[in-house]
Amino acid sequence: MSDPSLETLYRHHHNWLRAVLYRRSGCSELAADLAQDTFARLLRREDDIVDIREPRAFLGRIANGLLANYWRRKAIEQAYLETLQQQPEPVAISPETRYLVIETLYRIDVLLDALPTKVRRAFLMSRLDGMRYVDIATRLAVSERTVRNYMEQAMFHCLKADPGLLP
């Protein structure tokens with residue numbers, strides 16, 4: 001590519017990227033949105049465009065991440081809606097509240113996903129299931145002291161990432 005500008009990159013690869021995203025998602029509107037989002041991400045870091053050696057691989061990597069985030073967010077939204085449907089009393093939630101709840105759940109999911117598997121499992125067993133450390137230790141086949149270390153690691157990670165998430 002002789003002219004490594006964002007405009008040139010867009011002209012040469014936008015349709016290709018949209019077609020790739022359509023094949024992966026099965027939705028033309030989603031593919032168009034994610035293709036636009038991919039280039040919007042590049043717009044924020046235009047200084048790096050000159051260093052791109054394999055534009056399609058680079059764009060594909062960004063687009064794959066965006067698509068994965070989309071599916072993750074949809075799964076969280078679906079789980080949230082299913083939980084609401086299981087409530088004994090109908091729950092009426094405004095679109096704004098729904099958006100904020102799903103966005104918060106998504107942020108927590110991303111935050112916890114960055115933890116090592118056993119640390120995440122110990123944290124969720126303690127916080128969501130209310131399990132005692134000794135029971136978590138048995139379940140994970142580690143010592144109770146290791147569970148304490150896992151919990152400290154998880155708490156530190158959460159506080160470092162977003163101090164407002166914990167009480």
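Visitor: Let's start with Tyr 70: what does its relative accessibility make it count as?
Guide: This is a predicted model, and in it Tyr 70 comes out as partly exposed, at 27% relative accessibility.

Visitor: Which residue does Tyr 70 form an aromatic pair with?
Guide: Trp 71. The two rings sit 5.1 Å apart, centre to centre, with 70 degrees between the planes, which makes the pair edge-to-face. Trp 71 is also partly exposed, at 41% relative accessibility.

Visitor: How many aromatic pairs does the structure hold?
Guide: It holds 2. In one of them, the ring centres of Tyr 10 and Phe 39 are 4.9 Å apart. Their planes meet at 70 degrees, and edge-to-face means over 60, so this pair is edge-to-face.

Visitor: Where in the chain are Tyr 10 and Phe 39?
Guide: Tyr 10 is in helix 1 (residues 6–25) and Phe 39 is in helix 2 (residues 28–44).

Visitor: New topic. What lies over the face of Tyr 106?
Guide: That's Arg 73, at 3.9 Å from the ring centre.

Visitor: What does UniProt place at residues 107–155?
Guide: The unreviewed UniProt entry lists "domain: RNA polymerase sigma factor 70 region 4 type" there. In the model, residues 107–155 are 78% helix and 0% strand.

Technical notes: Residues are numbered from 1 along each chain as its sequence is written. This is a predicted model: local features need pLDDT of at least 70, side-chain atom pairs count only at pLDDT 80 or more; totals for chains, interfaces and linings use all residues. Side-chain values use heavy atoms; hydrogens and water are left out. Rings of Phe, Tyr and Trp (its six-membered ring) pair if their centres lie within 6.5 Å; planes under 30 degrees apart count as stacked, over 60 as edge-to-face and the rest as tilted. Helices (H or I, at least four residues) and strands (E, at least two) are DSSP runs, numbered from the N terminus. Buried means under 20% relative accessible area, exposed over 50%, partly exposed in between (1.4 Å probe, protein chains only). A charge sits over a ring if NZ of Lys or CZ of Arg is within 6 Å of the ring centre and within 35 degrees of the ring normal. UniProt positions are given in the numbering used here, feature names are shortened, and annotations may be inferred rather than shown by experiment.
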